[in-house]
Amino acid sequence: MESTRSFLVKTLLFGVFILLLRFVYVVTITGGSCSADDFCFFSSRENLNLAGTGVRIGSNAAVSVAGTVGSTPELRDLWNSREWRKNVAYYSSIFQDLISEGFLSSDSKALCIESEARIGQDVFALREIGVSDSIGTYKKASPPLVKFGQVYKQPFADNTFDFIFIGNGGLDRSIRQSDLVSEIQRTLKPEGFIVVHTNSTKDLYSYNSFISLFNCSSLIRTRYIDDDSSVREIVMKKNSYQGDNEMRISDGGTKCSVPAHKRELVKYAEPLIEEEPMKPWITLKKNIQNVKYLPTLADINFKQRYVYVDVGARSYGSSIGSWFKKQYPKQNKTFDIYAIEADKTFHQEYKLKKGINLLPYAAWVKNETLLFEVNRDPGQNIEAKGTGMGRIKPVKSDTGLANNVNKIQGFDFADWLKNTVSEKDFVVMKMDIEGTEFDLIPRLIETGAICLIDEIFLECHYNRWQRCCPRERSSKYEQSYDQCLGLFNSLRDIGVLVHQWY
């Protein structure tokens, strides 16, 4: 009897030893998970039902994924690897939260664009938690989880999916973000959900730029994945109606107000020079060192296009070549450049420059033919060939002024701007138009076109002290320095980031 009891105790201890050995194997070798081929003696989180969702997750679901048509022993080995299981667990947690919030369900038809790890860890996670009708796309297919699909041309019909996910900063890295977003909204069903993980919306400007890309959808919520994470999760819902909720600017009256994320940047702008400088050509040039460029204050990543408009461009080297191309912080973006210059002296030079769109007209408040009189500073000689025809101003008649007047076509600059760029674009403007700013700026504000401009570098012309003639002011301009200062303050007061230029 004693020997029998001793035998049973030894057998029991041996069994406990085997179980402990198995536990050590599961924890240290497989990372705490067990496959269908393993002997699992304990329940894990993966074997639990998700309360209230009807979705079952765990090893049985994994068996279903592993049994997918097209899977191979090599793939099954990959799917059971520790690193794979770690990443799948991360996405499972993300998707479970979305299920609990009602953005995803087992009945959802789901798409993962730029599928994680190129072989579909996010898709695997969806299928494992019971969202069986899930697929990923990438520029290289990886069956059975990921099929070939160009980011900007998804291989699906309109209104196909209930849920679309793009993680791991896939939208951040895209060089054609608006095209990618267009495809997301095209393939998503009305009232379907879009979930994006981004690392690039750390400031108010970039966040609002991001949201504005999704012009057919509404923001539902945003959160950081966890307290230590820089990854922001943004959830949007496609509108049930077929339309475009992008703000439109129409003719007549003030039709826009500068949005809050742009007004916020004005707080960080360099101070305006309140007192009129005695040597403005020196003071204003030095002031450039204090300029707080918008791309140094905010991330401009989520914009449809990047546009630089040089109004009164003069020669290529005057500002485009010498300043904008060399010094403006572009965040590695390629800008469409428009040079607006009525002086024929410079037109031939621009024909030789690639990537420059020349508008050989005068920016004005309406479309009409203008007469411009050459009117130089005191002591200024006729300019050398290739440097322009001097300073110009509109006159009523060319009678008796044949040697000093040029007939030039003016165009409605505000109207052109509204037809060339949109609120989704990043627009920088430099304006040096010899006093006409007192006509054009009010026109931009009146028509609402001012809201299309993100940053302005404005040279304001007034009867300044002359370099050539001590204690003499320029007779070219009627406005005073105080009027210029008022123009700058009025722009900043409505939220426009404007800088004093020279």
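Predicted model: local features only at pLDDT ≥ 70, side-chain atom pairs only at ≥ 80, totals over all residues.
Where does Asp343 sit? You'll find Asp343 in the loop between strand E11 (336-340) and helix H13 (347-351).

Asp343 has a charged partner, Arg314, and the two form a salt bridge in which the closest N and O atoms are 3.9 Å apart. Arg314 is in a loop too, the one between strand E10 (306-311) and helix H12 (320-327), so this pair ties together parts that are 29 residues apart in sequence. Is Arg314 buried or exposed? Arg314 is buried, at a relative accessible area of 16%, and buried here means under 20%.

Side chains of opposite charge can pair when their charged atoms come close. This structure holds 18 salt bridges. Take Asp97 and Arg223, whose side chains meet in one of them, at 3.6 Å from N to O. Asp97 lies in helix H4 (residues 82-100) while Arg223 lies in strand E8 (residues 217-224), so the bridge ties together parts that are 126 residues apart in sequence. Asp97 is partly exposed, with a relative accessible area of 30%, and Arg223 also counts as partly exposed, at 24%.

Arg223 has another partner as well: its side chain meets that of Glu233 in a salt bridge, 3.0 Å from N to O. Glu233 belongs to strand E9 (residues 232-238) and Arg223 to strand E8, so here the parts tied together are ten residues apart in sequence. Glu233 is buried, with a relative accessible area of 0%.

## Around Trp84

Trp84 counts as buried, at 1% relative accessibility. What is Trp84 in contact with, leaving aside its neighbours within four places in sequence? The list is Leu78, Trp79, Ile119, Gly120, Gln121, Phe124 and Leu145.

Pick Gln121 from that list: Trp84 and Gln121 are 37 residues apart in sequence, and their C-alpha atoms are 7.2 Å apart in space.

## The six-stranded sheet

Now for an open sheet of six strands, with parallel pairing and the order E12-E11-E10-E17-E18-E19. Which strands stand at the edges? Strand E12 (356-359) and strand E19 (497-500) do, each with a single partner strand, so one side of each is left without a neighbour in the sheet. On average, neighbouring strands of this sheet are turned by 15° against each other, direction ignored.

Zoom in on strand E17 (residues 426-431) and strand E18 (residues 455-458), which pair in the parallel sense over four bridges. Here Val428 stands opposite Glu455 in E18. There's also a helix to spot: H16 (residues 481-493) lies across E18 and E19, and runs at about 155° to E19.

Notes
Residues numbered from 1 in each chain as written. Heavy atoms only, no water. Salt bridge = Lys/Arg side-chain N within 4 Å of Asp/Glu carboxyl O. Helix = DSSP H or I, 4+ residues; strand = E, 2+ residues; numbered from the N terminus. Buried < 20%, exposed > 50% of the residue type's maximum accessible area, 1.4 Å probe, protein only. Contact = heavy atoms within 4.5 Å. Pairing = 2+ DSSP bridges. Axes fitted to C-alpha atoms, helices over the stretch in contact; angles between N-to-C directions.
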